[in-house]
Amino acid sequence: MKYTVITGASSGIGYETALAFAARGKNLIIAARRTEELEQLKSNVLSQYPELDVVVQTVDLSILSNAHDFYESLKQYEIETWINNAGFGNFASVGEQNLDKIETMLHLNIEALTVLSSLYVRDYANVEGTQLINISSGGGYTIVADAVTYCASKFYVSAFTEGLAQELKSKGHAMQAKVLAPAATETEFAKRSMDLENFQYEGTVPKFHTSKEMAEFLLNLYDSEKVVGIVDGETYEFYLKDPIYPYVERSRK
């Protein structure tokens with residue numbers, strides 16, 4: 001049996017992506033910090049697709065040792081697709097940002113994603129049909145005021161994943177690496193970024209996509225041969241593109 005791993009699956013894009021892959025008959029390994037929400041997702045999936053296997057893993061990936069342990073705990077499963085969706089943002093000027101929150105954000109957005117991506121590539125680079133999809137942001141290609149540190153973390157995700165995609169291709173490996181860059185999406189992102197109890201997108205944000213729409217965009221990226229799936233921040237159209245960042249092959253003497 002083959003599995004699709006989705007981190008940050010307890011809500012938002014991760015939750016809807018799990019449902020979208022389940023609709024394609026994919027067995028799931030869903031991971032997040034909140035067990036109750038993961039169990040609700042599992043029940044939702046199995047009520048519609050009882051033939052599937054859904055594995056729940058409660059883990060806080062902002063603690064780096066947990067990322068290593070989480071990966072090791074999946075050794076008995078054959079993993080066809082790995083989706084690094086776990087992450088969060090922050091809105092504050094650099095001089096006023098809460099460094100405890102920022103450090104946790106960097107551990108999750110950058111370090112855990114790098115470790116999990118590297119381990120998956122190490123074990124599956126030459127397995128046909130495998131894909132690694134990392135969730136970045138439009139803020140991984142454009143710096144947004146009062147979100148400089150968050151955007152920088154997502155610039156890392158975009159550059160790392162695009163570079164990995166080029167590397168895999170140049171080495172003739174079977175795995176594809178891809179990056180999804182959403183714009184404003186109706187998730188818990190704004191609430192956590194601004195440390196609010198509640199946030200209403202409708203009537204507050206001029207344009208946004210629903211999490212379900214972003215999961216559909218992710219599937220479009222999954223089905224394509226392109227590396228980047230990105231939402232235009234002005235028009236909110238979704239585009240599939242070749243790598244955006246320049247990539248220089250290392251000369252070998």
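In this predicted model, the axes of helix α1 and helix α2 (residues 35-48) come within 10 Å and cross at roughly 25°. Angles under 35 degrees count as roughly parallel, and α1 and α2 are therefore roughly parallel to each other. The crossing of α1 and α2 has a right-handed sense. On the α1 side, the contact is made by Tyr-15, Ala-18, Leu-19 and Ala-22, which meet Glu-37, Gln-40, Leu-41, Asn-44, Val-45 and Gln-48 of α2. Sorted by class, the residues in the contact of α1 with α2 are six nonpolar, three polar and one charged.

Helix α1 (residues 12-23) also packs with helix α7 (residues 211-223), the two axes coming within 8 Å and crossing at roughly 55°. This angle makes α1 oblique to α7. The crossing of α1 and α7 is right-handed. Here α1 contributes Gly-12, Ile-13, Glu-16, Thr-17, Ala-20 and Phe-21, while α7 contributes Ser-211, Lys-212, Met-214, Ala-215, Leu-218, Leu-219 and Tyr-222. The contact of α1 with α7 comprises eight nonpolar, three polar and two charged residues.

Attention now turns to empty space in the model. Rolling a probe the size of a water molecule over the atoms shows where such space is left. The count of cavities of 30 Å³ or more comes to two.

| Space | Volume | Lining by class |
|---|---|---|
| Largest cavity | about 40 Å³ | three nonpolar, two polar, four charged residues |
| Second largest cavity | about 40 Å³ | six nonpolar, three polar, no charged residues |
| Second largest pocket | about 280 Å³ | seven nonpolar, three polar, five charged residues |

The lining of the largest cavity consists of Lys-2, Glu-78, Ile-79, Glu-80, Tyr-124, Val-127, Glu-128, Gly-129 and Thr-130. Strand β4 (residues 78-84) gives the most to this lining, with three residues.

Around the second largest cavity stand Thr-7, Leu-61, Asn-84, Asn-85, Ala-86, Leu-108, Ala-112, Leu-113 and Leu-116. In this case helix α4 (residues 99-124) gives the most to the lining, with four residues. The lining of the second largest cavity has no charged residues, its members being six nonpolar and three polar.

The second largest pocket, with a volume of about 280 Å³, is lined by 15 residues. Those that lie nearest the centre of the pocket are Ala-165, Lys-169, Gln-176, Glu-225 and Val-227. The elements that give two or more residues to the lining of this pocket are α5 (148-170) and β6 (176-181). Helix α5 supplies the largest share of the lining, four residues. By class, the lining of the second largest pocket divides into seven nonpolar, three polar and five charged residues.

Returning to the helices, α1 has contacts with α2 through residues including Leu-19 and Ala-22, and with α7 through residues including Ala-20 and Phe-21. The α1 and α2 pair is roughly parallel, whereas α1 is oblique to α7.

Conventions: Residues are numbered from 1 along each chain as its sequence is written. This is a predicted model: local features need pLDDT of at least 70, side-chain atom pairs count only at pLDDT 80 or more; totals for chains, interfaces and linings use all residues. Side-chain values use heavy atoms; hydrogens and water are left out. Axes are lines fitted to C-alpha atoms, for helices over the stretch in contact, and angles run from 0 to 180 degrees between N-to-C directions. Angles under 35 degrees count as roughly parallel, over 145 as roughly antiparallel, 65 to 115 as roughly perpendicular and the rest as oblique. A crossing is left-handed if the near helix is turned anticlockwise from the far one by less than a right angle, and right-handed if clockwise. Contact means heavy atoms within 4.5 Å. Ala, Val, Leu, Ile, Met, Phe, Trp, Tyr, Cys and Pro count as nonpolar, Asp, Glu, Lys and Arg as charged, and the others, Gly among them, as polar. On a 1 Å grid over the protein atoms alone, a cavity is a set of points where a 1.4 Å probe fits but cannot get out, and a pocket is an open set with protein on both sides within 12 Å along at least five of seven lines; lining residues have an atom within 4 Å of a point. Grid points are joined across faces, edges and corners, and a volume is the space filled by probe spheres set on the points.
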